[in-house]
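Subject: Structure handover

Hello,

Here is the structure for your files. My notes on it follow below.

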Amino acid sequence: MCSGCKVEQNIKRASSLIRAAHAAGARFIATPEMTNILAERERVVASVKREDEDPAPRLFGELASELSIYLLIGSVALKSEAEALVNRSLLFAPDGKIAARYDKIHMFDVTLGDGLKFRESDSYRAGSKAVVADISWGRIGMTICYDVRFAHLYRSLAQAGAYIISVPSAFTQPTGEAHWHLLLQARAIENAVFIAAPAQSGQHEGGRQTYGHSLVVGPWGEILADAGTEEGIAVVTIEPKRAAEARSRLPALSHDTSWELVQVARSQVMKSHDPL
């Protein structure tokens, strides 16, 4: 998608793409980060409401029910009960009810150079809980965009039984060119999971440029779909058993060392280098 400043238009466009994916046979459909609006803080604050009042969750729930699909709205900007903004991923079940919700944990506070500076924490309240949810064919872990740089989150989701992890994103052009494919493939390989990463793409209202290249990555690191830079859909057949097979071939998840043991080892190494 290339979401803009007008919530109604973004919902309409997302719904059209979701219907197209359903017509192509999709049973699980995912959209990018900031599906409902991608704009400066003042515009977002003026345009969104709390989850129980905002039109986006209600309309997407109705669409999931109508099409009888699992629908992951990668994220929507909403107001929290305290009126702070949250960047929230919503998973709808085929009955239209919210099966899981996840608030983005890691805030994108970076200075990229050439005038590109982002301070997500100035506008959004960070989440504090990792989330997995069961769907009819397996368990899904939920993340958002900048989370992908924090490998421990993905490890915890895989250890909790996730066979697919969603990474809806709005990656910038420079970070996307440098790291997007590599990070997603690394997270897939490390944890022997499928990665579903729907992305914003193009020149947005307000001047922001996003990288695009919505990806689906297999548990051996192979790219199963790359949707390029134009708005549209990519449909992929996923066999959950392939994740189990990858974990059997290379059982790194069962070889993890606990953090307590790492801490002890580090302490011992430090002591061994103390001056006499």
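Leaving aside its neighbours within four places in sequence, which residues is Ala26 in contact with? They are Ala21 and Ile69, where contact means heavy atoms within 4.5 Å.

Before the rest, the conventions. This is a predicted model, in which local features need pLDDT of at least 70 and side-chain atom pairs count only at pLDDT 80 or more, while totals for chains, interfaces and linings use all residues. Residues are numbered from 1 along each chain as its sequence is written, and side-chain values use heavy atoms, with hydrogens and water left out.

Ala26 sits in the loop between α1 and β1 (28-30); helices (H or I, at least four residues) and strands (E, at least two) are DSSP runs, numbered from the N terminus. Ala26 has a relative accessibility of 14% and counts as buried. Buried means under 20% relative accessible area, exposed over 50%, and partly exposed in between (1.4 Å probe, protein chains only). Ile69 is 43 residues from Ala26 along the chain, and their C-alpha atoms are separated by 8.0 Å.

Salt bridges

The count comes to 18 salt bridges, each being a side-chain nitrogen of Lys or Arg within 4 Å of a carboxyl oxygen of Asp or Glu. Three of them are described here.

Lys6 pairs with Glu205, with 3.6 Å between the closest N and O atoms. This bridge links distant parts of the chain, 199 residues apart: Lys6 is in the segment before α1 (7-23), and Glu205 is in the loop between β11 (201-203) and β12 (209-211). Lys6 is partly exposed at a relative accessible area of 38%, and Glu205 is partly exposed, also at 38%.

Arg88 bridges to Glu51, the closest N and O atoms being 3.0 Å apart. Arg88 belongs to strand β3 (residues 85-92) and Glu51 to the loop between α2 (41-47) and α3 (55-67), so the pair ties together parts that are 37 residues apart in sequence. Both Arg88 and Glu51 are buried.

Glu190 and Arg187 form a salt bridge with closest N and O atoms 2.8 Å apart. Both lie in helix α5 (residues 173-191), 3 residues apart, about one turn of the helix. Glu190 is partly exposed at 33% relative accessible area, whereas Arg187 is buried at 7%. Elsewhere, salt bridges that share partners join Glu51, Arg88, Arg101, Asp103 and Arg125 into one network.

Helix α6

In helix α6 (residues 241-249) the buried residues are Ala243, Ala246 and Arg247. Seen down the axis of α6, they fall within an arc of 100° (taken from the directions from the helix axis to the C-beta atoms), so they line one face of the helix. The face turned away from this buried side carries the exposed residues Lys241, Ser248 and Arg249. The cover over the buried residues of α6 includes α4 (151-159), α5 and β10 (194-197).

The sheet

An open sheet of 6 strands runs in the order β7-β8-β9-β10-β13-β14, with mixed pairing; two strands pair if DSSP finds at least two bridges between them. Its edge strands, each pairing on one side only, are β7 (131-135) and β14 (223-226). Strands β8 (residues 138-142) and β9 (residues 164-166) pair in the parallel sense over 3 bridges, and Ile140 stands opposite Ile164 in β9. α5 packs on the sheet, touching β10, β13 (215-217) and β14, and its direction makes about 30° with that of β13. Axes are lines fitted to C-alpha atoms, for helices over the stretch in contact, and angles run from 0 to 180 degrees between N-to-C directions.

Regards
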